[in-house]
Protein chains: 2
Amino acid sequence: MIELTATLLTTYRGSVIRDWVDYNGHMRDAFYLLLFSYASDTLMERVGMDAAGRAASGHSMYTLECHLNYLHEVKEGASVEVHTQILGADAKRLHIYQGLYLAEGAQMLAGNEMMLLNVDSAGPRAAPFVAPVMENLRLLLAQHRTLPRPSLAGRSIALPGQP
Amino acid sequence: MIELTATLLTTYRGSVIRDWVDYNGHMRDAFYLLLFSYASDTLMERVGMDAAGRAASGHSMYTLECHLNYLHEVKEGASVEVHTQILGADAKRLHIYQGLYLAEGAQMLAGNEMMLLNVDSAGPRAAPFVAPVMENLRLLLAQHRTLPRPSLAGRSIALPGQP
């Protein structure tokens with residue numbers, strides 16, 4: 001019997017540069033999203049939407065929505081990586097969760113839930129994923145569904161005890 | 001009778017530079033958050049947490065969480081501004097909503113709901129706002145409570161029709 005061992009995709013590896021550090025001496029909130037943004041580019045490449053795939057199909061992905069939780073400070077020079085889980089997909093949308101970690105570390109520094117939209121660049125207008133991309137997404141989704149759902153997915157922002 | 005006319009704070013004005021534009025020919029998702037991040041710096045200045053205020057109190061604000069909705073593409077050279085509404089606060093936390101607009105435009109290009117935490121930089125550890133900052137926040141909150149609540153505040157991310 002073949003056993004599928006599902007693992008998250010590693011979609012970014014790099015080091016925190018000085019330009020990303022703010023007056024608090026740690027990485028500015030927006031640059032966490034820059035790393036997650038680069039990671040979603042890697043995911044696009046992984047499913048057939050690299051530059052060649054985008055040129056062939058005329059399609060790209062746009063970010064519709066994202067939700068970040070900041071759990072730990074990240075300092076200049078830190079080696080970090082992003083792991084990505086596919087949470088769901090429909091004909092035009094892709095729902096993912098990304099975690100930022102220290103390289104080979106187990107502690108999540110920040111999480112990013114994201115909804116992406118497949119777009120026909122000629123419009124630009126929403127369009128169904130082309131078949132080979134949809135097939136790649138289905139295969140990944142089948143694997144990633146067996147993994148625990150991220151505890152921070154589906155959150156909304158609110159002050160404790162206030163409406 | 002004195003009538004208070006509440007208005008949002010304008011917290012950022014600038015133009016979209018080439019470095020912020022990605023392979024889709026529009027501003028990359030992360031750089032929307034960079035503008036919102038600069039806007040939250042302006043809000044900090046407005047309530048007494050500029051560099052001098054931070055040095056005097058030993059406190060700063062860290063981002064705990066943010067949720068962005070991307071509504072329209074923004075192209076290189078666009079003149080944009082951010083308007084900020086205070087939604088709530090407690091002793092240590094500040095809940096805000098920021099909208100990105102074309103300069104003098106009425107159409108929101110993107111929205112960002114954000115939760116910020118007051119931090120004693122010596123720890124760093126969560127700490128109550130110092131009194132003059134809390135008073136400034138209370139005054140702004142009293143005004144901003146009279147404004148309509150942003151329709152995208154409190155959202156969570158989900159695929160339509162899926163759990």
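Where is the place of A:Pro124 in chain A?

Modeller: Before anything else, keep in mind that this is a predicted model. A:Pro124 sits in the loop that joins strand 5 to strand 6 (125-126) of chain A. Most peptide bonds are trans, and most residues other than glycine have a negative phi. Now hop over to chain B, where the peptide bond from B:Gly123 to B:Pro124 is cis, with omega near -10°. There, B:Pro124 lies in the loop between strand 5 (108-120) and strand 6 (125-126) of chain B.

While we're on loops, have a look at A:Glu104. It isn't a glycine, yet its phi is positive, about 60°. You'll find A:Glu104 in the loop between strand 4 and strand 5 of chain A.

So how do the chains relate to each other? Two copies of a chain are related by a rotation about an axis and a shift along it. Here, turning chain A by 180°, with 0.0 Å of shift along the axis, superposes it on chain B with an RMSD of 0.0 Å. That is what a two-fold axis does. In chain A, A:His67 has the C-alpha nearest that axis, 2.1 Å from it.

Next, the place where they touch. Chain A puts 45 residues into the contact and chain B puts in 45 residues. The copies meet through the same surface, because 100% of the interface residues of chain A are also interface residues in chain B. About 3900 Å² is buried between chain A and chain B, and carbon and sulfur atoms give 52% of it.

On the chain A side, helix 1 (29-46), strand 2 (59-70), strand 3 (79-89), strand 4 (93-102) and strand 5 (108-120) each supply at least two residues that touch chain B. Strand 2 of chain A gives the most, with eleven residues. Sorted by class, that side of chain A has 22 nonpolar, twelve polar and eleven charged residues.

Stay with strand 2 for a moment. Strand 2 of chain A pairs with strand 2 (residues 59-70) of chain B in the antiparallel sense, over five bridges. To see one of these, find A:Asn69, whose bridge partner in strand 2 of chain B is B:Glu65.

Last, the charged side chains. Side chains of opposite charge can pair when their charged atoms come close. Over all chains the count is 14 salt bridges, and four salt bridges run between chain A and chain B. A:Arg28 makes a salt bridge with B:Asp41, with the closest N and O atoms 3.0 Å apart. Within chain A, the side chains of A:Arg13 and A:Glu81 meet in a salt bridge of 3.4 Å, N to O. This pair links distant parts of the chain: A:Arg13 is in strand 1 (residues 9-15) and A:Glu81 is in strand 3, 68 residues apart.

Terms used:
Residues numbered from 1 in each chain as written. Chains lettered and ligands numbered in written order. Predicted model: local features only at pLDDT ≥ 70, side-chain atom pairs only at ≥ 80, totals over all residues. Heavy atoms only, no water. Least-squares fit on C-alpha atoms with pLDDT ≥ 70 in both. Contact = heavy atoms within 4.5 Å. Buried area = accessible area lost by both parts, 1.4 Å probe. Helix = DSSP H or I, 4+ residues; strand = E, 2+ residues; numbered from the N terminus. Nonpolar A, V, L, I, M, F, W, Y, C, P; charged D, E, K, R; others polar. Pairing = 2+ DSSP bridges.
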